[in-house]
Amino acid sequence: MTGIETPLILYAKLILLTMVPFVLASQGTMLGGRTGVFNVAQEGIMLVSASIGFLVSFYSKSLTIGVISAMLVGGLFGLALAYFTTHLKMDQFVIGLALFFIGVGLSTLLPKLMIGVTLTPPLIPTLKDIPIPLLSKIPFIGEIFFNQNILVYGAVLVSVFLWWFLYKTSFGLSLRSTGEYPQAADSLGISVTTMRYLTAIVGGALIGIAGVYLPMVYTGTFTDGMVKGRGWLAIALTFFGGWKPINILIGSLFFAGIEVLSYKVQVSGSGIPYQFLLMLPYLATILVMVFTFKRSTIPGFLGQNYDREKRSL
Amino acid sequence: MTIMAKSKPTILNTLIPYVAAILIALAAVGVFIALMGFDVLKAYYTILFTSFRTPNGFIQTLLKFIPLVLQAYAFTVPLAAGKFNIGGEGQLIVGAIGAAAVGILLPDLPPLLLIPLVLLGGIVAGALWGFIPGWLLYKFNINEILTTVLLNFVSFALINYVATGPWRDPAAGHPTTIPIGRGGYLPLLVDNPPLHAGIIIALLVAVAVYFYTTRSTAGYELVATGANPRAAGVFGINVKYMFVLSIVIAGGIGGLSGAIEVSGVQHRLIEGLQHNFLVLGLIIGLIAKGNNMAVPFVAFFIAVLEVGASAMQRTLMIPVEMVFIVEALVLLFVLLSDVVRRK
Amino acid sequence: MADTPILVMKGIRKTFDKSVALDDVSFELNAREIHGLLGGNGAGKTTLMNILYGLYKKDSGEISLHEKKINISSPRDALHKHIGMVHQHFLQITSFTVLENIVLGTEIHNKYSMDLSVEATKIQALQNRFNLAVDLNISIGDLPMGTRQKVEILKALYRGAEILILDEPTTNLTPQEVDDLFKSLRVMVDQDLSIVFITHKLREVLSVCDRISVLRNGRNVVTLKRDEANEEAFVRGMVGDEMDIQNSVIFSRGKSGQIGAEHIRAEVCLHLDQVQLASQGSVPRLKDISFKLRHGEILGIAGVAGNGQRDLAEVILGITLPTGGKVELDAKDILAMPTNQRLESGIAYIPEDRLLDGFLPKASVAHNLILGFHRKAPYSSGGFINWNTVHRTAAELIKTYNIKTSGPSDVGGNLSGGNIQRVLIARAFSKPANLLVAHNPTRGLDIPSMDFVYSRILEEKKKGLATLLISEDLDELLLLCDRIAVLYRGELVGTLDRSKFEKYEIGRMMSGYRAEE
């Protein structure tokens, strides 16, 4: 390898690594939205999952159990969202905000109660790269694509699976119909309620993994507010990707690319005040919305509750 | 969410669900506190009565009330038009930057000039910050929820830049600017413990918002827009303009809250001066169900809890976030009471 | 035993909140019959059939099928019992293809690859059998209404429906398409289906049904065979005893053919000249629209829904700006005038989609009644709303227009559909106007209320009001208009004078054929 190629490979590898929380949180959002459940609690769910996932890993000494606990926490928040909106027909956005608040509150409260304030932060080991036999030996590509941590592979597989599931199975067709026009789905015997619960819970679990990824890959510890708006950015990414799994996966490369760029320029000593580089991901996202929001297709009943007995006026 | 009051409820009927929500939330968290091995009764006594036992407690509560009520209005005014402003935090920070800039650049003006200018600097800066998502909504139809939130994160970097730039106070360890001119300090209503005149400004804003939204013709258009933008547009209301106007007004109110923090409390720009006012403001606005008449009362209640929470952390070592959970649960149960009533 | 009922509904009761929608209603359906379910809006026809289809839960009552008591708690149960329903508003997913819409929710042969060839073959067999040709691979949103209805019927047949419920199936059809539909219904009955046909149009039930049941205010009135039918009895059954049929617009004025042509004045009120509205796609939304509407005249705009009716109304109101042409009100160019000024200068508007375009569900009834007039005296002065005046006026309008509500401060969302329509009508007539643009103004109203609206329009006509009546209900247009123009894909394909009114001629124009001059 020559001297120029190595940093390029590292950049590419870093982008894939950084893409994971965006992909997972965004696919989770997309999945719920496809049945009409619009989750806006991502930021809170990611924080509380990161917090609890970290604590569980710390005490159990097992990252696997930590990931599972984060999934459960995310799924539980998804369940709550589904219950309040599908069962009790409460406003999806308001409930989403309330869950966001609870997530934020719990994320700082629990470490304080469990660990207290310490001088040196408690650490967990970070996820290790798992080289795929043979494939990881391919020049350039191998290092970028086949020598990553398990959740990078997982995020890509989840995206492809969701595409197949939504577009190539009859269950997926039924599922999508509940988000496009629940009356129509219901009139054909498809249970709107079941679909909404299912996707809200699974979607929440995906968002939970996105959250716990941060302490497990980036920092090894939980710090207050460490999600830094990635939950909100994931919503923007979902719109950017037109609520389609593969487009979201591709779009996440862009979001991750901006984040890596912001970070790399900061350490390169370019003379640009680092605060302006910190703004970059948010400003870039707003700019992206300017160009893509109008064209974005969204599920027809996104964010709207369905009440079979409510008479159309 | 219904913005208008339902057909003439009695005060008692309105209060019962709120009281019930508070009691259930306290009970739920109480169980948790007890399980953690703390003294529940002592904790709740501290939370609920710190504000009323000493003059200091009461004045602390009023000081907390000022930014909270303003943040709540920054949320509820656009809500009346059906728009969600989650950017009160950024508007506060940018307002604080604007106020501090005026106060630092014109340090020698007399109070009669400098105080209004500092406040105006905050209002204008906040309104401009609010104008960005408003304009994006107007021009490109971009959802205001995401833009307002994302601009908060931009403002975090911005305040850090300003507080570590040329105006930086070299003596401070934390990113902080030099103080604004003495003439920019808000006068004190009570000297000891100190209570600044921001409370009067906050109450004036409350009255103005009330008259604007319920009595004025412009407020009618705001409410009609929120009730059904499509129909409002069909019947001659420029709804896009109402959207932008509501977010700009909210930005101005948010900016004012930042200016008061600078001119009344800190007398300089300090990174982190926004605390968690945004989230509390949202909770207040949602508990009040967008009703601008109810906002000051809810804000006072939350201020009581917040002051009590700090005392509880000091004396009983229970983290303040415990009270935040109480507040979020109160919100959830207040919302639930609507469902119960529907049945 | 041809007359043994296969389906019996007995003592059905249904309430929504506090209002009783159905009270002790019974219904019987025989094998191989077309059974008309007749009644005005709000009579409970759709509610009764939604219960049979499992969409609504009944409070009490019994349903039996083939003499066995059955329990239907969801559409899934109904489909399982071979009951199918075609709703008035098509329950179709516009972004899916016809094929996907039809197979949605059924067992699919290749369920893990979505290769639907097996299903397509089955559907093609059904299409041949019942003569319902539709291209299966087209996105359903691109199809005209008449074709979309065929898809709805195919959906039910594909699921093996033996009892087929059709809710106001003729709403969006031209007279020719109605005839075709009736022919298909006969084919289905010949092939052993039984059909429930919901409608508020007496003429339709008389022409296609074997038996007819009339509902009014959620109660049974009468069930008769067509041979025993006496038109008078049905009319009385539908409207009740209180309405003065002899002096009603609907049942007497229309017949006499006299609608007050003598009130038409010479002055032109509204003049559209070569109005264009370009769209992003290739087909313009409005093309070369020109007409003159005089004071005291009622001009009808006929057409199948979605052919530019809404755009036409919105161009006149200034909600949408045309890309070419002129719009004049009383010989004054109003193109530059914003909507609020047009409303203030005497255009009254009843929009088509009352919930979306005309009503503020989250605001009070008083808020709703002044919408559009809120900037001017007496409602507003000095930048403030005069709430006392507003509430007084609102209370009067509520009384005059018989709006069922607890008062001016009641939240709009509490009102029923018919009452919301009354609010829209009260608002339109609450201020003196020169021009009324009314789009489907009687949709959702019961017959006495419809008649009230018609008589109000005719009263104002005498005083010189010009009315542009855009309606998808051809009978309404034939009843009221001095002239009818037909809109097809954004173009006026012809205009007929009242003396030349002929249903099938208009029907041809509604499918795009130009008028024979």
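Reader: What radius of gyration does chain B have, and what would a compact globule of 343 residues have?
Author: The model is a predicted one. For 343 residues, a compact globule would have a radius of gyration near 20 Å. Chain B agrees with that expectation, since its own radius of gyration is 20 Å.

Reader: What does the C-alpha trace of chain B span along its principal axes?
Author: Chain B contains 13 helices and 2 strands. Along the principal axes, the C-alpha trace of chain B spans about 60 × 60 × 35 Å.

Reader: What percentage of the residues of chain B count as buried?
Author: A residue is buried if 20 or more other C-beta atoms lie within 10 Å of its own. In chain B, contacts with a separation of 6 or more come to 76% from residues 24 or more positions apart. Of the 343 residues of chain B, the part that counts as buried is 58%.

Reader: How many helices and strands are there in chain A, and what is its radius of gyration?
Author: Chain A has 12 helices and 2 strands. The globule rule gives 20 Å for 313 residues, and chain A is close to this, so chain A is as compact as a globular protein of that length. The radius of gyration of chain A is 20 Å.

Reader: Of the 313 residues of chain A, what percentage count as buried?
Author: The C-alpha trace of chain A spans about 65 × 45 × 40 Å along its principal axes. Among contacts in chain A between residues at least 6 apart in sequence, those joining residues at least 24 apart make up 77%. The residues of chain A that count as buried amount to 52%.

Reader: Which helix of chain A gives the most to the side that touches chain B?
Author: The two chains meet through 33 residues of chain A and 31 residues of chain B. Three elements of chain A give two or more residues to this side: helix 4 (92-114), helix 10 (230-240) and helix 12 (274-292). By class, the residues on this side of chain A are 24 nonpolar, 5 polar and 4 charged. The element that gives the most, with 13 residues, is helix 4 of chain A.

Reader: How do the residues on the side of chain C that touches chain B divide by class?
Author: Here 29 residues of chain C are in contact with 22 residues of chain B. The elements of chain C that give two or more residues to this side are helix 11 (339-344), helix 12 (354-358) and strand 18 (384-385). The side of chain C that touches chain B has 13 nonpolar, 12 polar and 4 charged residues.

Reader: Why does helix 2 of chain B count as oblique to helix 12 of chain B?
Author: Helix 2 (residues 40-53) and helix 12 (residues 295-316) of chain B have axes that come within 7 Å. Angles of 65 to 115 degrees count as roughly perpendicular and those over 145 as roughly antiparallel, and the rest between these are oblique. The axes cross at roughly 130°, and that makes helix 2 of chain B oblique to helix 12 of chain B.

Reader: How many nonpolar, polar and charged residues has the contact of helix 2 of chain B with helix 12 of chain B?
Author: Helix 2 of chain B passes helix 12 of chain B in a right-handed crossing. Helix 2 of chain B contributes residues including Ala43(B), Ile47(B) and Leu48(B), and helix 12 of chain B residues including Val304(B), Gly308(B) and Met312(B). By class, this contact has 10 nonpolar, 5 polar and 1 charged residues.

Reader: Is helix 1 of chain C largely enclosed by the rest of the structure or exposed, and which residue with positive phi follows it?
Author: Among the buried residues of helix 1 of chain C are Lys45(C), Asn50(C) and Leu52(C). Of the 8 residues of helix 1 (residues 45-52) of chain C, 8 are buried, so helix 1 is largely enclosed by the rest of the structure. The residue that follows helix 1 of chain C, with a positive phi near 85°, is Gly54(C).

Reader: What separates the C-alpha atoms of Leu106(B) and Gly181(B)?
Author: Leu106(B) lies in the loop between helix 4 (88-105) and helix 5 (111-140) of chain B. Leu106(B) counts as partly exposed because 17 C-beta neighbours lie inside 10 Å. Leaving aside neighbours within four places in sequence, Leu106(B) is in contact with Leu114(B), Leu117(B) and Gly181(B). Although Leu106(B) and Gly181(B) are 75 residues apart along the chain, their C-alpha atoms are separated by 6.9 Å.

Technical notes:
Residues are numbered from 1 along each chain as its sequence is written. Chains are lettered from A and ligands numbered from 1 in the order in which they are written. This is a predicted model: local features need pLDDT of at least 70, side-chain atom pairs count only at pLDDT 80 or more; totals for chains, interfaces and linings use all residues. Helices (H or I, at least four residues) and strands (E, at least two) are DSSP runs, numbered from the N terminus. The radius of gyration is taken over C-alpha atoms; the globule rule is 2.2 Å times the number of residues to the power 0.38. A residue is buried if 20 or more other C-beta atoms lie within 10 Å of its own, exposed if 12 or fewer, and partly exposed in between; C-beta atoms are placed from the backbone. Two residues are in contact if their C-beta atoms, placed from the backbone, lie within 7 Å. Ala, Val, Leu, Ile, Met, Phe, Trp, Tyr, Cys and Pro count as nonpolar, Asp, Glu, Lys and Arg as charged, and the others, Gly among them, as polar. Axes are lines fitted to C-alpha atoms, for helices over the stretch in contact, and angles run from 0 to 180 degrees between N-to-C directions. Angles under 35 degrees count as roughly parallel, over 145 as roughly antiparallel, 65 to 115 as roughly perpendicular and the rest as oblique. A crossing is left-handed if the near helix is turned anticlockwise from the far one by less than a right angle, and right-handed if clockwise.
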